Amino acid sequence: MKIATTIARSLLGLIFVVFGSNMFFHFIPMPPPPEGPAREFMTALFLSHYLYIVGALQVVGGLLLFTGRWAPLGLTLVGPVIVNILCFHALMAPTGLPMAIVVSVLAIFLLWNYRKNFAGILAGAPTQSDSRSKPATASSLAVPS
């Protein structure tokens, strides 16, 4: 499982570093988006320069994934980008949907393998009965010096 995690993490990181860098350096020719909402959406992202923020998140998140040093942080940065890519292709430009699904599957696989790093986010909020069950002691109220 460790080898599969390393392969998925490296592949997802490489995808985001390459395509995120393309937003700045334009080394992969991009075909024009199809007519309709997809073109209007991409035009708005381009004219507002929001595409550069998305590209920066892709590059940084991809580098964190590719290096493996802070993979959970990398997943956190590229997660919203993946959701937007999946929604864009599902709702406006279905020709890119297969690649969006592959990226989503890789991300879900990595989220599952790094689930212990996200346990605090998924834990429920403590109830009032939990906070009242522990009596306050002098040592718990003391200010460290």
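Glutamine 58 is buried, with a relative accessible area of 5%, where buried means under 20% relative accessible area, exposed over 50% and partly exposed in between, using a 1.4 Å probe and protein chains only. The model is predicted, and local features need pLDDT of at least 70, side-chain atom pairs count only at pLDDT 80 or more, and totals for chains, interfaces and linings use all residues. Residues are numbered from 1 along each chain as its sequence is written, and side-chain values use heavy atoms, with hydrogens and water left out.

Glutamine 58 belongs to helix α3, and, leaving aside neighbours within four places in sequence, its contacts (heavy atoms within 4.5 Å) are Phe16, Val17, Phe19, Gly20, Met23, Val78, Val81 and Ile85. The protein as a whole has 8 helices and 0 strands, these being DSSP runs numbered from the N terminus, with H or I and at least four residues for helices and E and at least two for strands. Of the 145 residues, 29% are buried, and among contacts between residues at least 6 apart in sequence, 66% join residues at least 24 apart.

Ala100, Val103, Ser104, Leu106, Ala107 and Leu110 are buried in α5, and they cover an arc of only 160 degrees around the axis, which puts them on the same side of α5; the arc is that of the directions from the helix axis to the C-beta atoms. The cover over these buried residues includes α1, α3 and α4, whereas the face turned away from the buried side carries the exposed residues Pro98, Ile108 and Trp112.

Aromatic rings supply a further set of features. The whole structure holds 2 aromatic pairs, and in the one formed by phenylalanine 24 and tyrosine 52 the ring centres are 5.8 Å apart and the planes at 25 degrees, so the pair is stacked. Rings of Phe, Tyr and Trp (its six-membered ring) pair if their centres lie within 6.5 Å, and planes under 30 degrees apart count as stacked, over 60 as edge-to-face and the rest as tilted. Phenylalanine 24 lies in helix α1 and tyrosine 52 in helix α3, 28 residues apart. Phenylalanine 24 is partly exposed at 36% relative accessible area, and tyrosine 52 is partly exposed at 32%.
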